[in-house]
Structure formats: C-alpha cells, structure tokens
Amino acid sequence: SSDVMSQSLGADSLSCSDAAVLAAERGEEAAVLAWLDGGGRVDATYEVGEVSGLTLLMGATNNGQERVVELLLKHGAEINLQANEGG
C-alpha cells in the first residue's frame, strides 16, 4: 500500500527511520540534519522492544550526544515528550 511506501521513505512520516535513530545515538550530526532536511519530523517516534514513543532527542540524550541534542533542539524538538512502557 502507499502507507508502506511513505513509511519506508521517512519523509512526512510520524516514525523515525532506523538510519536517523542510529545517527542520533552515534552523534552523527550531518546524517541527522540530512534526515530532517529530507522531511523527517524532529519529534518523530520509534520503538525499542516494549518501549514506544521514543524520539531522536531521547536517543541522543541517552547516549550523551550533546551536539545532536543541541541540533534537535534548534530544530524545535519537544523536550517534554515521554516514552511509553509497553502494556
């Protein structure tokens, strides 16, 4: 379906691409910026196991990637979002 296509491209999707998540966690600013410039949403979410609602800001913060955190905040990332434990 067309939904699957838009999700895999990442643009205009509510969910993060795996590449964007990895880039944020590894501190790859250029890759995160490229994802945002390509239409990725700064507050897009992803899941890890039973936890959903994770954002790139959380991934960067949890991995001590201060420069990516600053980049995301400059792009309007919501600092007060919270992840949801499964259930």
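Contact here means heavy atoms within 4.5 Å of each other. I start with that cut-off, as much of the packing I describe rests on it.

This is a predicted model, in which local features need pLDDT of at least 70 and side-chain atom pairs count only at pLDDT 80 or more, while totals for chains, interfaces and linings use all residues. Residues are numbered from 1 along each chain as its sequence is written, and side-chain values use heavy atoms, with hydrogens and water left out.

First, the overall layout. The protein has five helices and two strands, and from the N terminus on they run α-α-α-β-β-α-α. Helices (H or I, at least four residues) and strands (E, at least two) are DSSP runs, numbered from the N terminus. Of the 87 residues in the protein, 32% are buried. Buried means under 20% relative accessible area, exposed means over 50%, and partly exposed lies in between, with a 1.4 Å probe and protein chains only. The protein exposes about 5,500 Å², and carbon and sulfur atoms supply 49% of that. Those areas come from the Shrake-Rupley method with a 1.4 Å probe; for residues, only the protein chains shown count as cover. Among contacts with a separation of 6 or more, 60% are between residues 24 or more positions apart.

Now helix H5, residues 66-74. Val-68, Val-69, Leu-71 and Leu-72 are buried in H5. What do the buried residues of H5 pack against? They pack against H2, H3 and H4. After H5 comes Gly-76, whose phi is positive, near 90°.

Gly-27 follows H2 and has a positive phi, near 80°.

Next, the core. A nonpolar core is a set of buried Ala, Val, Leu, Ile, Met, Phe, Trp, Tyr and Cys residues joined through side-chain atoms within 4.5 Å. The largest has 21 residues, of which Cys-16, Val-32, Trp-35, Leu-56 and Leu-72 touch the most other members. In soluble globular proteins, nonpolar side chains tend to be buried together.

On to charges. How many salt bridges are there? The count comes to one, where a salt bridge is a side-chain nitrogen of Lys or Arg within 4 Å of a carboxyl oxygen of Asp or Glu. Glu-29 forms a salt bridge with Arg-67, and the closest N and O atoms are 3.1 Å apart. The pair links distant parts of the chain, with Glu-29 in H3 and Arg-67 in H5, 38 residues apart. Glu-29 counts as partly exposed because its relative accessibility is 28%, and Arg-67 is exposed, with a relative accessible area of 60%.

The strands are brief. E1 (residues 45-48) and E2 (residues 51-55) run antiparallel, joined by three bridges; two strands pair if DSSP finds at least two bridges between them. Thr-45 stands opposite Thr-55, and Tyr-46 stands opposite Leu-54. The hairpin has two residues between the strands, and Gly-49 takes a positive phi near 60° there.

Leaving aside neighbours within four places in sequence, Thr-55 is in contact with Asp-43, Ala-44, Thr-45, Tyr-46 and Leu-81. Gln-82 lies in the segment after H5 and counts as exposed because its relative accessibility is 66%. With neighbours within four places again set aside, Gln-82 is in contact with Gly-53 and Met-58. The C-alpha atoms of Gln-82 and Thr-55 are separated by 8.6 Å, and the two residues are 27 apart along the chain.
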